[in-house]
Amino acid sequence: YVLLHHVMAQVAGVRGAWGYPEGGMGGVTQAMARAATEAGADIYTNQSVTRVLLGKENEAVGVETEDGTQVYAKTVLSNATAYTTFLTLLPSGTLPKEFEASIKAVDYTSPVCKINVALKCLPNFKANPNIEPNTAMPHHRCTIHLNCEKMELLDEAYMQALQGRIPENPMIEMTIPSSCDSTLAPPGHHVALFFTQYTPYHGDNGRPWDANLKKEYANKIFGVVEKYAPGFRDSIIGYEVLPPPDLECIFGLTGGNIFHGAMSLDQLFISRPSLSHPSPFTPISGLLLCGSGAHPGGGVMGAPGRLAALSALQL
């Protein structure tokens, strides 16, 4: 289903195509911010919300930030995960027991470790060598999959992660967005992004994802790329490794799950996030879900937010 979810949309009229926003993914949110401010919205950043304020009838009437500031509103839309929204931002005992139990049962397991890499030159793949040094070719602008040559490799990686082990041959999805967008790196330089799986929340035998384990894992991934593109290691200027715990801590993704909850059939459509109360509505009057944990799920498409916005206009 996740594969279908990714290919059902379109970019520039091409179904199943992917798009690179100029300037990186931040270009999407900045465009949204400009549209919002032009429409009269006020945007506040670095303002962590600590709780949703409730009225006498248990309805949402606003939010409170970590510095104690209280902002009141007719409607509150939460882009956080269902776990954060209902089990962290609301007082205990606020929710119907059936609904609360269903939220606690949501699967937030994450198989993803992201690696962002800065390069001093473009990778040169043996299978399709660069015609000219450091000149992007069509395959540099595509999604490059490694350790995916056989289904057995994928199954083996999945089963090893399921056992709490870091796979011997992780699935690697590599993109080089700077081959399409020169604003992402200085002239002649590039960035490569690695979406790898399947990685457990903890390393082997419960080992934490410390600096040493992150380095070991990065070297494992870079070693695979080196076999296909000799010289890749030497081209690395710097990198960051974001395993599930980091994705959870930095971006507020419960369990490190990039979709705000697994996109399995039991957690889709009217069951997202709970069969007892389909999104964007919640048991709390005036509180709506507008993030990836709501129908129709994760991905950069804005559909959960649009559905929540249309519903908010009717309140």
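Reply: Cysteine 142 is partly exposed, because its relative accessibility is 41%. The model is a predicted one. The disulfide count is 0. Cysteine 142 accordingly takes part in none, and the nearest cysteine sulfur, in cysteine 180, lies 8.4 Å away. A disulfide would need the two sulfur atoms within 2.5 Å.

Cysteine 249 is a second case. Its relative accessibility is 67%, so cysteine 249 counts as exposed.

Cysteine 113 falls within strand β7, which covers residues 113–119. Five strands make up an open sheet, in the order β8-β9-β10-β7-β11, with antiparallel pairing. Its edges are β8 (144–146) and β11 (236–242), and each of these pairs on one side only. Ignoring direction, neighbouring strands of the sheet are turned against each other by 20° on average.

Go through the pairings in order. Strands β8 and β9 run antiparallel and are joined by 3 bridges. Here leucine 146 stands opposite isoleucine 172 of β9. On the next step, β9 and β10 are also antiparallel, with 5 bridges between them. Strand β10, residues 190–197, then pairs with β7 in the antiparallel sense over 7 bridges. Within that pairing, alanine 118 has valine 191 of β10 as its bridge partner.

Last, the surface. A nonpolar patch of about 990 Å² is built from Tyr1, Val2, Leu3, Leu4, Val7, Met8, Leu265, Phe269, Ile270 and Leu275. One of its members, methionine 8, sits in the loop between α1 (2–7) and β1 (10–11). Methionine 8 is classed as partly exposed because its relative accessibility is 40%.

To recap, the model has 0 disulfides. Cysteine 142 is partly exposed, and cysteine 249 is exposed.

Definitions and conventions:
Residues numbered from 1 in each chain as written. Predicted model: local features only at pLDDT ≥ 70, side-chain atom pairs only at ≥ 80, totals over all residues. Heavy atoms only, no water. Buried < 20%, exposed > 50% of the residue type's maximum accessible area, 1.4 Å probe, protein only. Patch = residues over 30% accessible without salt bridge, like charges linked within 9 Å, V, L, I, M, F, W, Y side chains within 5 Å. Areas by Shrake-Rupley, 256 points an atom, 1.4 Å probe, with all protein chains shown as cover. Salt bridge = Lys/Arg side-chain N within 4 Å of Asp/Glu carboxyl O. Helix = DSSP H or I, 4+ residues; strand = E, 2+ residues; numbered from the N terminus. Pairing = 2+ DSSP bridges. Axes fitted to C-alpha atoms, helices over the stretch in contact; angles between N-to-C directions.
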